[in-house]
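Biologist: I would like to learn how to read a helix, an aromatic pair and a metal site in a model. Could you take me through them one at a time?

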Amino acid sequence: MTKGGADTHVTILGSGTCVPSLKRSACSVLIETGMAVILIDAGPGTIRRLLRVDKTIFDITHILFSHFHPDHTAELVPLIFATKYPNTDRRQTPLTLIAGKGLTTFLKKLKSVYNNWLDLPSGMLKTIEMDNSQFDSRTFSDFVLETAPVEHNPESIAYRINSYENKSIVYSGDTDFCDSLIQLAHQTDVFICESSHPDHLKVPGHLSPSVAGEIAVRASAGRLILTHFYPECDQADILKECRQAYSGPLALAEDLMRINLK
Ligand SMILES: [Zn+2]
Ligand SMILES: [Zn+2]
């Protein structure tokens, strides 16, 4: 990995779900490390949230999708389409899209609807499919990426970004309790974990505060940030529920919350 560029920063762009909310945009996290400017998930509203933190679509170098549900992916089409305005010269570096198996098919199907409105100049849109049947990894110039299969959709993966300054961020994506996530999050500095519903409303395929806390304990995570809140979470004492399992540093995600890893 190269050394250079910015220190590692994490910004929660969207702490919400598919449910329309002025307070919580759909899922997206911005990670800046070295020269890389990474989005993990890009739910509806992500582009406008980016503008709020003085970033544009042209700054983004990588987009990592945890899975293909619309609240995690739906901003991709407007993002690529907007790249064509006023002309495609504005993007100076290729955009790399990363997801589990099925990314190529997902893009092909989008293209069958939008045709050349999704075309970018040759080489400016790259895709990487991670192996979502097991742990996988890739090394980029500014960070090392590790992935693990999680319990939600067949293509679902959680991400770990290890920065050149030896900081690490783990993002669960949507998931239920699973050992692979515990393993991926082992001793991570920051663990951004979904907590879709309060404990008494927990559903299969999603976590609740105390279960997310249990995963953080087993992983010995340095700091836990809960996110992906359905509206019911804002009516419950999420902190208290999580504290039943986890006593370390803890925060509830808010849109535009910035986390400095130093
Ligand atoms: Zn989902
Ligand atoms: Zn979701």
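Biologist: Which residues of α4 are buried?

Modeller: Buried means under 20% relative accessible area, exposed over 50% and partly exposed in between, with a 1.4 Å probe and protein chains only, while helices (H or I, at least four residues) and strands (E, at least two) are DSSP runs numbered from the N terminus. In this predicted model, the buried residues of α4 are L103, F106, L107 and L110. Seen down the axis, they fall within an arc of 95°, so they line one face of the helix; the arc is that of the directions from the helix axis to the C-beta atoms. K108, K109 and S112, on the other side of α4, are exposed.

Biologist: What should I keep in mind about the numbering and the values?

Modeller: Residues are numbered from 1 along each chain as its sequence is written, and chains are lettered from A and ligands numbered from 1 in the order in which they are written. Because this is a predicted model, local features need pLDDT of at least 70 and side-chain atom pairs count only at pLDDT 80 or more, whereas totals for chains, interfaces and linings use all residues; side-chain values use heavy atoms, with hydrogens and water left out.

Biologist: How many aromatic pairs does a search of the whole structure find?

Modeller: Rings of Phe, Tyr and Trp (its six-membered ring) pair if their centres lie within 6.5 Å, and planes under 30 degrees apart count as stacked, over 60 as edge-to-face and the rest as tilted. The search finds two pairs. F68 and F106 are stacked, at 4.6 Å centre to centre with 10° between the planes. F68 lies in the loop between β4 and α2 and F106 in α4, so the pair ties together parts that are 38 residues apart in sequence. F140 and F143 are also stacked, at 4.8 Å and 25°, and both F140 and F143 are buried.

Biologist: Which residues are the protein donors of the zinc ion (ligand 2)?

Modeller: Donors are N, O and S atoms within 2.8 Å of the metal (3.2 Å for Na, K and Ca), and sites may look incomplete because water is not among the atoms. Here they are D71 (OD), H72 (NE2), D174 (OD) and H228 (NE2), lying 2.1 to 2.5 Å from the zinc ion (ligand 2). D174 bridges this ion and the zinc ion (ligand 1), and the two ions lie 3.4 Å apart. H72 and D174 are both buried.
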